[in-house]
Amino acid sequence: MIRLLIVEDSALMRKLMGQIFRAEGDFEIEFARDGVEALEIIARFRPDVVTLDVHMPSMDGLTCLDRIMLEHPCPVVMVSALTADGAEETLTALEIGAVDFIAKPAGAISLEIDALTPRLVEKVRTAAAVRIRRSLRLAERVRLGQRPVNRPTAGAHSRRPERVEYVRSGKRGLVLIGASTGGPPALDAVLAGLPEDFDWPILVAQHMPGSFTGPFARRLDKLCAMKVSEVTEQTRIEPANIYIAKGDADILVSYRSGSLVALPAPSDPGYRWHPSVDRMVQSAMKHVPPGDLIGVLMTGMGDDGAAAMTALRAAGGHTIAEAEETAVVWGMPGELVRLDGASEIRRVDEIGACLLDRVC
């Protein structure tokens, strides 16, 4: 049995979520109405996984999450609103230590809960299997007072990391990164260490709702030396730039007017996850020689990106899979390894240096 604690101040949401997980048949469930009650129950119940609402009386979800990570570390899935404020709070929760998040229905909960159910159950089951351990993720380094090399202070772009000198390779290409569950702090750790004049542009497909990727790009822009932006329209791809695919859509690489561009595209139902890593890589291979592409597949459940990056390696491109020891969920990178599609397997704290070695 999977021990699940549902922390939610809405009586209706508690009832509906209880019904969902009781119907699964292998969950032992307890409920808490706020953060204070949740901490008391966690100490006694020792849940395998917690779903945690952000907005609650007495003690809000972020404060409760911080206490959980310090006192009784266990996998937590945040339940968040699909709003700009909800996105900021959720990204903060992922930095603190939440494994994943699920967006609340935007309309009448009782009418939309059926559509939410499969993804909610999948995320909770995946989270329950995660081993909470000390890692080298950026947020955890900061919380432990260990500043990573070249990490800029969050704030305006006037405050940059120390310049890194390197010998340039003389050729330009494109880096393609895919991530899902556990991706935001992993991307922090990889991208924040790259210098502001990194030669190759970087495209990132991080599975997220559309209302979350804009705030995510803005937060990364404060952390990184390179410029970070969300792709909301046709955008020329330039060196020293990181492009974040818009959520609930896909990102394509193409040529327009003699320049390489990134295009937002409606999500293709032929791909399960969005923004689709597979579709991004496939489009890039149509317009960029495989030898000028580097694919990086990081933490996440499922297999998005594994097939396309395997094809990329077979065609002469270079691919990096995040190692199991640092991945929150070794689904996507693990599948790439299983398919023999990984040129190399690296811990999250080694990936940035690998990119510098390949590009510079």
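**Side chains that meet**

Mentor: Let's begin with R236, which is exposed because its relative accessible area is 52%, and the cut-off for exposed is over 50%. Please keep in mind that this is a predicted model. The partner of R236 is E238, and in their salt bridge the closest N and O atoms are 3.1 Å apart. E238 has a relative accessible area of 32%, so this residue counts as partly exposed.

In general, side chains of opposite charge can pair when their charged atoms come close.

Take R67 and E71 next: their side chains meet in a salt bridge at 2.4 Å, N to O. Both sit in helix α3 (residues 61-71), and because they are 4 residues apart, about one helical turn separates them. The general rule behind this is that an α-helix has 3.6 residues a turn, so residues three or four places apart point the same way. R67 has 32% relative accessibility and therefore counts as partly exposed. E71 is partly exposed too, at 40%.

Now compare that setting with the one around D250 and R279, whose side chains form a salt bridge of 2.9 Å, N to O. Here the pair links distant parts of the chain, with D250 in strand β11 (residues 249-256) and R279 in helix α9 (residues 277-287), 29 residues apart. D250 has a relative accessible area of 1%, so this residue is buried. R279 is buried as well, at 17%, since the cut-off for buried is under 20%. Some bridges also share partners: E8, D53 and K104 are joined into one network in this way.

F101 and F212 are both buried. Charge and ring come together at F101, where the charged end of K123 sits over the ring, 5.6 Å from its centre.

To finish, here is some of the setting beyond these contacts. In helix α7 (residues 183-191), 8 of the 9 residues are buried, so the helix is largely enclosed by the rest of the structure. Strand β13 (residues 293-297) is mostly covered, with 5 of its 5 residues buried. L293, G295 and L297 point one way from β13, while I294 and V296 point the other way. On one partner strand, β6 (residues 174-179), the pairing with β13 is parallel over 5 bridges, and V175 stands opposite I294. β13 also runs parallel to strand β14 (residues 318-322), joined by 4 bridges, with I294 opposite H318. Together with helix α10 (residues 306-314), β13 and β14 make a right-handed β-α-β unit.

Note on methods:
Residues numbered from 1 in each chain as written. Predicted model: local features only at pLDDT ≥ 70, side-chain atom pairs only at ≥ 80, totals over all residues. Heavy atoms only, no water. Buried < 20%, exposed > 50% of the residue type's maximum accessible area, 1.4 Å probe, protein only. Lys NZ or Arg CZ within 6 Å of the ring centre and 35° of its normal. Helix = DSSP H or I, 4+ residues; strand = E, 2+ residues; numbered from the N terminus. Salt bridge = Lys/Arg side-chain N within 4 Å of Asp/Glu carboxyl O. Pairing = 2+ DSSP bridges. Right-handed = clockwise from strand over helix to strand, strands pointing away.
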